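Let me put the structure up, and then I'll walk you through a few places in it.

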Number of protein chains: 2
Amino acid sequence: MGRRKSFNESEVLNKMSMVFIQYGFEGTSLDLLVNATGLLRGSLYAAFGSKLGMFIAALKENINHRKDSFGTTYLVIIAMMELVSTNVEVKQIVLNWYHTKPQADIELTLGRALLNKSGLLGGIDDGKQS
Amino acid sequence: MGRRKSFNESEVLNKMSMVFIQYGFEGTSLDLLVNATGLLRGSLYAAFGSKLGMFIAALKENINHRKDSFGTTYLVIIAMMELVSTNVEVKQIVLNWYHTKPQADIELTLGRALLNKSGLLGGIDDGKQS
DNA sequence: TTTATTATTGACTATTAAGTCAAAAAACAT
DNA sequence: ATGTTTTTTGACTTAATAGTCAATAATAAA
């Protein structure tokens, strides 16, 4: 009972994922997330608690529902660069992801994704998912 | 002529590099750099112009004088994650670095460094260089 | 010693950030 | 309808940030 959520959580998480992928965790501001989702700050905080909560929800959504997408790998890399060393919850999530991957080529996969994401060799990074 | 610099630029760049490696570019505040170097904000800005100028100087110092160190690879990865897609100068520096590397195993090297740096598998990330 | 030049100092400004909350709105139960 | 619960709203607070600058200090040339 009570008022219903005005948004579809999965859709909102996908929109937030795109922002996190483009700007990283620290580089993403709440204003960017507000603009991308169309929701207001209060709604985002009511739903996810904190900016970190938003990232974790987006990361889980991707790992669970878009397992082998580039977006998932990018989010994992962002987590590794910015959060794994200081946040045990994120570390555990990434560690679980890591163990579901074929160990033979995981390092190569990460390196390739990093290079891809940076846009170092290709053209301009338009921030869109593939 | 005029007053001499009170610091050795190379030493200062090494200290700044350690901070950037530990916290990333966005995650590094001027206060952290001030504490790590022992210099004051004004001196850092007089010497390097901007926070980005500090990072670029640290990146160049590492690429030129510590070519094959883990620190250099970490700084390159930070640059790839946070700056390459939006800053042509950084992109060019990283691209040059990239072309000096053996192409056969560069992706694997990047993936391994990323994993290493994250501390996902090993113990706790104490932020020290190796 | 005087003058020109460059570096240091650190308080200050302006901007941006994450997070809060009281009030209003929407939905359901009785 | 009335009351209860949950969500939305968006202005507000608090804290942190990058960057500035006038005053001072140190150096060397004239």
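So, start with A:Lys117, which you'll find in helix α7 of chain A. Is A:Lys117 buried or partly exposed? It counts as buried, because its relative accessibility is 10% and the cut-off for buried is under 20%. And what does the side chain of A:Lys117 reach? That would be the backbone oxygen of A:Ile21, at 3.1 Å. One thing to keep in mind before I go on: this is a predicted model.

Let's stay with helix α7 of chain A, but look across to the other chain. A:Arg112 makes a salt bridge with B:Glu107, and the closest N and O atoms there are 3.1 Å apart. A:Arg112 sits in α7 of chain A and B:Glu107 in α7 of chain B, so this pair joins two chains. Both partners count as partly exposed: A:Arg112 has 47% relative accessibility, and B:Glu107 has 25%. How many salt bridges does the rule find across the interface of chain A and chain B? Two.

Okay, the interface as a whole. Chain A puts 27 residues into the contact, and chain B puts in 26. Between them they bury about 2,600 Å², with carbon and sulfur atoms giving 74% of that. Which residues of chain A lose the most area to chain B? They are A:Met81, A:Leu114 and A:Leu120, and together they make up 26% of what that side buries.

There's some polar contact too: the count between chain A and chain B is four residue pairs, with both residues at pLDDT 80 or more. As for where the chain A side comes from, the elements that give two or more residues to it are α5 (70-82), α6 (88-100) and α7 (106-118). The largest share is from α7(A), with nine residues. If you sort that side of chain A by class, you get 14 nonpolar, seven polar and six charged residues.

Next, α6 of chain A. This helix has 13 residues, and from its first C-alpha to its last it reaches 19 Å, close to the 18 Å expected at 1.5 Å a residue. At its start, a side-chain oxygen of A:Asn87 comes to within 3.0 Å of the backbone nitrogen of A:Glu89. Which residues of α6(A) are buried? Here's the list: A:Val90, A:Ile93, A:Val94, A:Leu95, A:Trp97 and A:Tyr98. When you look at a list like that, remember that an α-helix has 3.6 residues a turn, so residues three or four places apart point the same way. And what do the buried residues of α6(A) pack against? Within chain A, they pack against α4 (51-65), α5 and α7, and from chain B they meet α7 (106-118).

That brings me to α4 of chain A, where we find A:Phe55. A:Phe55 counts as buried, with a relative accessibility of 0%. Leaving out residues up to four places away in sequence, A:Phe55 touches A:Phe20, A:Phe25, A:Leu75, A:Ile78, A:Ala79 and A:Leu83.

Last stop, back to salt bridges. Over all chains, a search of the whole structure finds eight. One of them pairs A:Asp31 with A:Arg41, with 2.8 Å between the closest N and O atoms. A:Asp31 lies in helix α2 (residues 30-37) of chain A and A:Arg41 in helix α3 (residues 41-48), so the pair ties together parts that are 10 residues apart in sequence. Are these two buried or partly exposed? A:Asp31 is partly exposed, at 49% relative accessible area, and A:Arg41 is partly exposed too, at 40%.

Chain B has a pair with these numbers as well: B:Asp31 and B:Arg41 meet in a salt bridge, 2.9 Å from N to O. B:Asp31 is in helix α2 and B:Arg41 in helix α3 of chain B, 10 residues apart. B:Asp31 counts as partly exposed at 48% relative accessibility, and B:Arg41 is partly exposed with a relative accessible area of 42%.

How values were computed. Residues are numbered from 1 along each chain as its sequence is written. Chains are lettered from A and ligands numbered from 1 in the order in which they are written. This is a predicted model: local features need pLDDT of at least 70, side-chain atom pairs count only at pLDDT 80 or more; totals for chains, interfaces and linings use all residues. Side-chain values use heavy atoms; hydrogens and water are left out. Contact means heavy atoms within 4.5 Å. Buried area is the accessible area (1.4 Å probe) that two parts lose on being put together, summed over both. A salt bridge is a side-chain nitrogen of Lys or Arg within 4 Å of a carboxyl oxygen of Asp or Glu. A polar contact is a pair of N or O atoms within 3.5 Å; within protein, one must be able to donate a hydrogen and the other to accept it, and residues adjacent in sequence count only if both atoms are side-chain atoms. Helices (H or I, at least four residues) and strands (E, at least two) are DSSP runs, numbered from the N terminus. Ala, Val, Leu, Ile, Met, Phe, Trp, Tyr, Cys and Pro count as nonpolar, Asp, Glu, Lys and Arg as charged, and the others, Gly among them, as polar. The expected span of a helix is 1.5 Å times one less than its number of residues. Buried means under 20% relative accessible area, exposed over 50%, partly exposed in between (1.4 Å probe, protein chains only).
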